[in-house]
Amino acid sequence: MNKFLNLVLGTTDVPTYLAGLIFALIGLAFYFYGKVKKRNALSEATPEKFSFKFLLQDNLVDIVFSLLAIFLALRFSVEYAGVEVTMFYALGIGWGLPKFIAYMYSFQEKARDN
């Protein structure tokens with residue numbers, strides 16, 4: 001079982017990894033808070049008052065893929081960035097990685113528009 005955990009989680013110990021995951025989730029919450037604040041409350045496609053159910057329905061795919069990307073970024077932090085998992089790094093990953101993913105998809109869409 002230890003070998004499996006080392007393969008899945010890398011060399012980071014489980015408590016550090018889980019604490020990093022919590023900070024990454026806090027960063028992800030900041031990211032989605034920013035999306036909620038920028039919404040058009042007057043649009044007919046969105047509810048007039050904030051709805052957690054609508055937030056989940058409207059962003060479920062983004063949330064799932066952001067969680068997967070966060071897991072991968074924490075797992076491979078040493079391999080791709082040479083950085084051990086720290087709580088500040090995890091917070092930045094949680095907040096910044098979804099923005100980066102959204103940028104990549106918008107960049108890809110622009111290539112197809114031409």
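In helix α3, the residues Phe65, Ser66, Ala69, Ile70, Ala73 and Leu74 meet Tyr89, Ala90, Ile93, Gly94, Leu97, Pro98 and Ile101 of helix α5. Sorted by class, this contact of α3 with α5 has eleven nonpolar residues, two polar residues and no charged residues. The model in which these contacts are found is a predicted one.

The geometry of this pair can be described next. Two packed helices are described by the angle between their axes and the distance between the axes. For α3 and α5, the axes come within 9 Å and cross at roughly 130°.

The crossing in which α2 passes α5 is right-handed. On the side of α2, the contact involves Thr16, Ala19, Gly20, Phe23, Ala24, Ile26, Gly27, Leu28, Phe30 and Tyr31. On the side of α5, the partners are Met87, Ala90, Leu91, Gly94, Trp95, Pro98, Lys99 and Ala102. The residues of the contact of α2 with α5 comprise 13 nonpolar, four polar and one charged.

The remaining pairing is that of α2 with α3. The axes of α2 and α3 come within 11 Å and cross at roughly 145°, and α2 passes α3 in a right-handed crossing. From α2, the contact is made by Tyr17, Gly20, Leu21, Ala24, Leu25, Leu28, Phe32, Lys35 and Val36. From α3, it is made by Leu55, Asn59, Asp62, Ile63, Ser66, Leu67, Ile70, Phe71, Leu74 and Arg75. By class, the contact of α2 with α3 has 13 nonpolar, three polar and three charged residues.

Helix α2 deserves a description of its own. At 1.5 Å a residue, its 24 residues should span 34 Å, and the end C-alpha atoms are 35 Å apart, which agrees. The buried residues of α2 are Tyr17, Gly20, Ala24, Gly27, Leu28, Tyr31 and Phe32. What covers these buried residues includes α1 (2-9), α3 (52-75) and α5.

Gly20 illustrates this burial. Its place is in helix α2, which runs over residues 14-37. Why is Gly20 classed as buried? A residue counts as buried under 20% relative accessible area, and Gly20 is buried because its relative accessible area is 0%. Leaving aside residues up to four places away in sequence, Gly20 touches Leu74, Val85, Met87 and Ala90. Gly20 and Ala90 are 70 residues apart in sequence, yet the distance between their C-alpha atoms is 5.2 Å.

Is Pro15 buried or exposed? With a relative accessible area of 57%, Pro15 is exposed, since the class of exposed residues begins over 50%. Pro15 and Ala73 are 58 residues apart in sequence and 17 Å apart in space, from C-alpha to C-alpha.

Finally, attention turns to a loop. Glu84 is found in the loop between α4 (77-81) and α5. Its relative accessible area is 48%, so Glu84 is partly exposed. Which residues does Glu84 touch, not counting residues up to four places away in sequence? Glu84 touches Thr12, Ser77 and Val78. The C-alpha atoms of Glu84 and Tyr103 are separated by 25 Å, although these residues are 19 residues apart along the chain.

Conventions: Residues are numbered from 1 along each chain as its sequence is written. This is a predicted model: local features need pLDDT of at least 70, side-chain atom pairs count only at pLDDT 80 or more; totals for chains, interfaces and linings use all residues. Side-chain values use heavy atoms; hydrogens and water are left out. Helices (H or I, at least four residues) and strands (E, at least two) are DSSP runs, numbered from the N terminus. Buried means under 20% relative accessible area, exposed over 50%, partly exposed in between (1.4 Å probe, protein chains only). Contact means heavy atoms within 4.5 Å. A crossing is left-handed if the near helix is turned anticlockwise from the far one by less than a right angle, and right-handed if clockwise. Ala, Val, Leu, Ile, Met, Phe, Trp, Tyr, Cys and Pro count as nonpolar, Asp, Glu, Lys and Arg as charged, and the others, Gly among them, as polar. The expected span of a helix is 1.5 Å times one less than its number of residues. Axes are lines fitted to C-alpha atoms, for helices over the stretch in contact, and angles run from 0 to 180 degrees between N-to-C directions.
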